[in-house]
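Hi,

Here is the structure I promised to pass on.

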Amino acid sequence: MADIGAVSGVFRREGFVPRLQPGVQLGEYILGEALWPIRIAEAYRANGPKGPATVYVINPAIAANTAIRDHVIAGTRAAAALPDHKHLVKTLAAGLTGDVLWIATEEVDGTLVRDLLAKKKSVGTSGFGARGTGNLIAGVAAALGDVHHGALASESVIVNRAGRVRVIDLALAQGTAAAIAGGLVPATGCIAPEVAAGAAPSGPADVYGVGALLYEALVGQPLERGGPRPSEVVPNLSGQIDEIVARSCHRDPEKRFGRADVLGEVVAEALGKGGAVQTSAVPKLAAESALDTQVQGVQTSLAAELASQPPSATGNTAVDRALSAALADSTEKWLVAKGKLDYGPFSLAEILRQIDKGDIVHGNIIMDKDTGSRAAVDKHPLLGPMVDAAKQRRDDQRRAQAEVVVQGREKTKGATLYAVIGIGIVAVGVAVFFIIKSVSHEEASKVSGVAGIGGATLAVKVSLPKAPPPRKHTGGGGHSTNSAGGFHNSGENQTLDMSDDDDDSASSLDMGTVYKVYSGVGGQLGSCIQGSGTSSASISMIIDGPSGRVNFVKVNGKASGGLQGCIGRVLSGLHFPTLKSGRTRAEFDINL
C-alpha cells in the first residue's frame, strides 16, 4: 500500500493531473484508477468497507482555503443525511488524511454528460435531440425537487448504459459554489448570477442551472448570450423551448420558474417523455427491443391459437392458452421503475400478473436489465391495453362495491323508518290504553310529570271535576265572551251567572269527559300556580255547550287576578265536546 506522504504529483491550475497513485488509502478507502476531473476535485475508483465506491479528492488549493473547505464539509454532511433517491448518487463518507480532503460516494457507473456531448461533437453532431434531452432533464429536475445544488453543470450528471440519469456531485456543490464566488474556479454560463456573486443556492438558482443544461443538451454547446436558439439547431423543435430556456435563465430570479421539478414537468410536456440519451455510450432504443420481440411472439401465438379454434370456442379460453404457451419463458430480466425505486427483476409472466393485481399501473416504466431498453408500461403495444383493462376492471369493482354499500344504507334507513313507525304506533296504543283506564276511574287522582320553568319537573296532581250542586236561577242571566286572542270573564254578570244558573235545565257533559280534556294541560296549570308562589288552586269553570269552549273561570273563588288570568288563558284554549244546548259547570282542585 502506497504511503500518501511519499506520493508525487501535483494539481495544475489549468486542469487536474492525477497526483495519487492506485493503492493509496484514504480513511477506509483504497484508491484505484483515476476517472475524471471536475471543477474542484479528481474522481477515483476505490474499494471501501462495503465494496466498490467513488472517491473525490479535493484540489489542494481549494482544501487549503479554510472558508471554502468548511463549505465542502457542510455540503457533504447535508448530502449524506438525505434519503436514497433514484436520481442522486448517495454520499458515504468524507475525511482529511494528511493534507488531502476527500469525499466518498457510492460507485458511479456511466459517462458524464459533459463527455457525452464532447463525443457527439467529435463525430460532427450536436446535442442529444428532443427525446434524449427530455429524458436527461426529467431525471435532473426530479433529483433537485427537494434539495438545492447551486452549481449544476454538465459535469454534474452521469448517464449509464440503461439510460439512468443521476446527479453525482451534490456533496461537492456547496463547496463548488463557494469556490466560484471566491474566484478560485471560473464562473461559467451554467451558474446563476446571484450564486456567482456569493448568494446561497436556492430553487431559482437550480432552475437557472437546469435551463442552462437544457440549452447545452439541445444545442451541443454551453449557454452563451447571443448563441443560437435551440429551435434553430434541432429540427422540428417548437419555439416554445426557446421561451422556456429564456425564462429559466433570466438574470432576475423572480422571473424564473420557482422550482426545478416544475421546470422538469414543463420541459417534459414540451419535448415528450421516454427514450434514452442517444450516444454511442448509451444504446439506442431499437424499435425491435427484446420486450417487443417477446410481445410479438405472444401476439403471433395468440393469432395462431385463435385461428385454430372452432367457432364454438370461447375467446377467453383461446387467449389464456396462447398466453400460457408464449409466457412459458421464466427468465427474470425485467425491472419496473415506480417513482424513485426500481423493483425486480421479474419474468414477463410475473409482469402480467402484477398488472392484473394493480401493482403495475400507468406511469410505471419497464426496463430490460440486459440491454437497457425501457418503455412506459401504459404505452407498450401489449402491456398498455392490459394496464387499461386492469384499471377499468378495478374501477368497475369499486363502483359495484359502492353501489352495494349505498343499497345497504338505503335498506338500513328503510328498516329504521319502519321500526320507528312501529314503535310510534305501539306508543300511541299504550297511551290510549292508559287514558281510557284513567277515565274509567272517576274518583281516582292522576299524577302527571310536566316540564316546569327553567327545565324543572313538576308533579301536578289533578282531581276529577266535581259537579257543583244545582242552584235556582235568581235572575241576572249573563253570558261570556271569548274574544280573539285571549280569554276574558265578562265581569260581575258572569259571576252571578256562574253561581245562580241551574244546570239541571240544560244538557251537560259527564265529568269523565271533562277531565279527559283538561288533564292534558295539567303541566301548564301547574306552571301558573308555581309562578304565583302558591302550591294549590281550586278552579271552577263553565263550558259552553254549542261551542265546546270555556267561557268563564274562577280560581280560589276569584274571577280576576294574576293566577286567575293565567289559568283562564290556559283553559280558554281547550275544546270540549259540543252539545246542542246548555252548558257544563265543573270544579276541580290542582296541587303541586
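Which residue in strand 18 is the bridge partner of I542? It is R585.

Before the rest, a word on the ground rules. This is a predicted model, so to speak of a local feature I need pLDDT of at least 70, and side-chain atom pairs count only at pLDDT 80 or more, while totals for chains, interfaces and linings use all residues. Residues are numbered from 1 along each chain as its sequence is written, and side-chain values use heavy atoms, with hydrogens and water left out.

Back to the strands. Helices (H or I, at least four residues) and strands (E, at least two) are DSSP runs, numbered from the N terminus. Two strands pair if DSSP finds at least two bridges between them. Strand 16 (residues 536–544) is joined to strand 18 (residues 583–591) by 9 bridges, in the antiparallel sense. Strand 16 also pairs antiparallel with strand 17 (residues 550–555), over 5 bridges, and there I543 stands opposite V550. The hairpin of strands 16 and 17 has 5 residues between the strands, and G548 takes a positive phi near 70 degrees in it.

Rings of Phe, Tyr and Trp (its six-membered ring) pair if their centres lie within 6.5 Å; planes under 30 degrees apart count as stacked, over 60 as edge-to-face and the rest as tilted. That rule gives 3 aromatic pairs. In one of them, Y518 and F588 have ring centres 4.0 Å apart and planes at 15 degrees, so the pair is stacked. It links distant parts of the chain, as Y518 is in helix 16 (residues 511–518) and F588 in strand 18, 70 residues apart.

There is also an open sheet of 3 strands, in the order 7-8-9 with antiparallel pairing. Its edge strands are strand 7 (111–112) and strand 9 (165–167), each pairing on one side only. Strand 8 (residues 157–159) is joined to strand 9 by 3 bridges, and I158 stands opposite R166 in strand 9.

Last, a helix pair. Which residues of helix 7 meet helix 10? D206, V207, V210, G211 and L214 do, touching A260, L263, V267 and L271 in helix 10 (contact means heavy atoms within 4.5 Å). By class, that contact has 7 nonpolar, 1 polar and 1 charged residues (Ala, Val, Leu, Ile, Met, Phe, Trp, Tyr, Cys and Pro count as nonpolar, Asp, Glu, Lys and Arg as charged, and the others, Gly among them, as polar).

Cheers
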